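Have the structure open as you read.

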Amino acid sequence: MNPLYYPDNQGFYGDFGGAFIPEMLYPNIHELQENYLSILESKEFVEQYSKLLTDYVGRPTPLYLAKNLSERYHTNVWLKREDLAHTGSHKINNTVGQVLLAKKLGKNRIIAETGAGQHGVATATVCALMNMECIVFMGETDMKRQAPNVARMKMLGAEVQPATSGSKTLKDATNEAIRYWINHPNDTHYIIGSVVGPHPYPDLVARLQSIISKEITVQLLGLTGRSSPDAVIACVGGGSNAAGAFFHFLKTPDVLLIGAEAAGEGVNTGRTAASLHQGSRGIIHGSMTMLMQDKNGQITEPHSISAGLDYPGIGPLHAQLFVTGKAKYYPITDNEALKAAFLLSRLEGIIPALESAHALAVLDHIHFDPGQHVVINLSGRGDKDLSTFLQNLDNYASVR
Amino acid sequence: MHPLDKLFKTKEKEILSIYFTAGYPTRESTARILELLGRHGADLIEVGLPFSDPLADGPVIQHSSQVALSQGITISEIFDQMKSANVHKPLVLMGYLNPVLQYGFEDFLFDAAAAGACALILPDLPAEVFVANYKSLYEKYNIYPVFLISPQTSDERIHMLDSLSRGFLYAVSSSSTTGKAERFGESQKLWFDRLKALKLKNPVLAGFGIHNHNTLRFVFDHLPGAVVGSAFIKNLDPEQNDYGIPGFMKQLLNT
């Protein structure tokens, strides 16, 4: 494998990353730091992981040339169909790997946070498969707006714990998961769902999600004769699907890497989750990164229509790619995402997750040429967002 | 002499530290709480700097922090309130790293010292980062760094954190967030005995979960001192002129 954007041995990508954790978490984090690479690279893990990805998750997911969308935007738009992975999003790539890792570390209980519920469902699914106890923390607000995923987690035998502090969304669910881990340090593994949190999580999750870009290189070569596209576009909350879609192209200078972050009602409205465009350097959930905070260093409440992007921070890898200009990040509003979701549904017969719709909306911001190849990571399917879509049906009735 | 050195020189056991969240129950209450604590049995006082996302804290301190912040309290205002308080006990600041970073680390230490603080506890400041970036600044302003240890911490790491800490070392009584009121028993005894056997350079104060006279007595029987936080905050009564502090301290100390 090429040398890619890996953090240093303290978990830093440039100035960002690290492990700013209370001492009570040190033994668990240290254990992971010491073991994750040797486990991930062991023959046994590689075999088990890739077999599960093939037989259980249904990988590789298709790389689909969206002809109608391509015609609309006068370029070649390829969709990486993570929505077709088992459980309906890319999140399962990470949970399969981390449950295997937890087994090897001798843990018998899994905890996770979730925003949109996709990571929670993916965690509950793999825990059911591998007979692990599973507790998922989810903000009360998100439990309401993503009710179908709460039901799925319960069906899968997981316990769903409502987080009732703060804005009752992803940040608060993450706080509660970390607190639970402090109180149960011996038998529990915490599966963070994104490339956030203390080292080694950002690197661990990026590596497990890198299967996405690995497949893109192979599939694109077969379909077009070239192994790298002109651009890769992915939505960014914490940034796991973007990290996975970017990974093998981080050292390919010709590939334009584009992240779509949630602008909410607009970057300057005060109701936004655009951590890069509205944020500044600071520490959230054990990581030095870009985050939304007031001048006193208090973390502010984000807003996005998409529960999965409704997070005031971003993974340290993305903070580094942003400040170095290696990747470009566009703020996409709630309304732009909704419009893009309706457009894809009507043009291609694919209902995307609201999160993924932010990536699709970037097509309205950047012009691509007819000969170019653009890959959009369609990170998840939109069944969970139907109630939001239906509330907005009249506004977008004419979109096609 | 540094106020903590002076304290531990004159008093070797049954040292009581009280933690409270500055800006709670009211925005202006900090100075009065400091004065009342100074008069009613606290040997040192930990002034909690509220943070929006206190990861190591249980519901009581989460709530007091949220209320304090919603009332508009800031670090500068807390420093002003500390200056105005007529209190002659060592004042230790406890908070999270991010607000300190935004304040500016050196400015923070300078202003903290001017406000009368003599030590700082930042649970999410890793020892390695402290050594690399901040140790000499703490020394410059004579602010003592205090690190946390838990029953999960290895002996080797306890010795390392003991060597970095000055004044005292803060032992978490069990693997938990703050304010989990449990009965203390065999596991705490084993942990405290282990600490005694390590022959550390600093006196050890135990905190987290010490909520009444019995649990306080248990710690005093094993270690030089104890920290009471959530239980104190839970009993603060904004309706009373003295916040109910004398009564709480009397019960706690059983005097």
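## A parallel pair of strands

In this predicted model, strand β5 (residues 109-114) of chain A runs parallel to strand β6 (residues 133-139) of chain A, and six bridges join the two. One of the places to look is A:E113, whose bridge partner in β6(A) is A:F137.

## The sheet around it

Widening the view, β5 and β6 of chain A belong to an open sheet of four strands. The order across this sheet is β7-β6-β5-β8 (chain A), with parallel pairing. Which strands stand at the edges? They are β7 (159-163) and β8 (188-191) of chain A; each has a single partner strand, so one side of each is left without a neighbour in the sheet. On average, neighbouring strands of this sheet are turned by 25 degrees against each other, direction ignored.

Helix α5 (residues 118-129) of chain A lies across β5, β6 and β8 of chain A, and runs at about 165 degrees to β5(A). Helix α8 (residues 170-183) of chain A also packs on the sheet, where it touches β5, β6, β7 and β8 of chain A. The direction of α8(A) makes about 160 degrees with that of β5(A).

## Where chain B meets chain A

Now for the interface. Contacts link 34 residues of chain B with 31 residues of chain A. The area buried between the two chains is about 2600 Å², and carbon and sulfur atoms give 54% of this area. On the chain B side, the residues that lose the most area to chain A are B:D53, B:L55 and B:Q152, which together account for 23% of what that side buries.

Between chain B and chain A the count is two salt bridges. In a salt bridge between A:K171 and B:D53, the side chains meet at 2.9 Å, N to O.

## What chain B contributes

Which elements of chain B give two or more residues to the side that touches chain A? They are α3 (59-70), α5 (97-103), β6 (148-149) and α8 (155-164) of chain B. Of these, α5(B) gives the most, with five residues. By class, this side of chain B has 17 nonpolar, twelve polar and five charged residues.

Technical notes: Residues are numbered from 1 along each chain as its sequence is written. Chains are lettered from A and ligands numbered from 1 in the order in which they are written. This is a predicted model: local features need pLDDT of at least 70, side-chain atom pairs count only at pLDDT 80 or more; totals for chains, interfaces and linings use all residues. Side-chain values use heavy atoms; hydrogens and water are left out. Two strands pair if DSSP finds at least two bridges between them. Axes are lines fitted to C-alpha atoms, for helices over the stretch in contact, and angles run from 0 to 180 degrees between N-to-C directions. Contact means heavy atoms within 4.5 Å. Buried area is the accessible area (1.4 Å probe) that two parts lose on being put together, summed over both. A salt bridge is a side-chain nitrogen of Lys or Arg within 4 Å of a carboxyl oxygen of Asp or Glu. Ala, Val, Leu, Ile, Met, Phe, Trp, Tyr, Cys and Pro count as nonpolar, Asp, Glu, Lys and Arg as charged, and the others, Gly among them, as polar.
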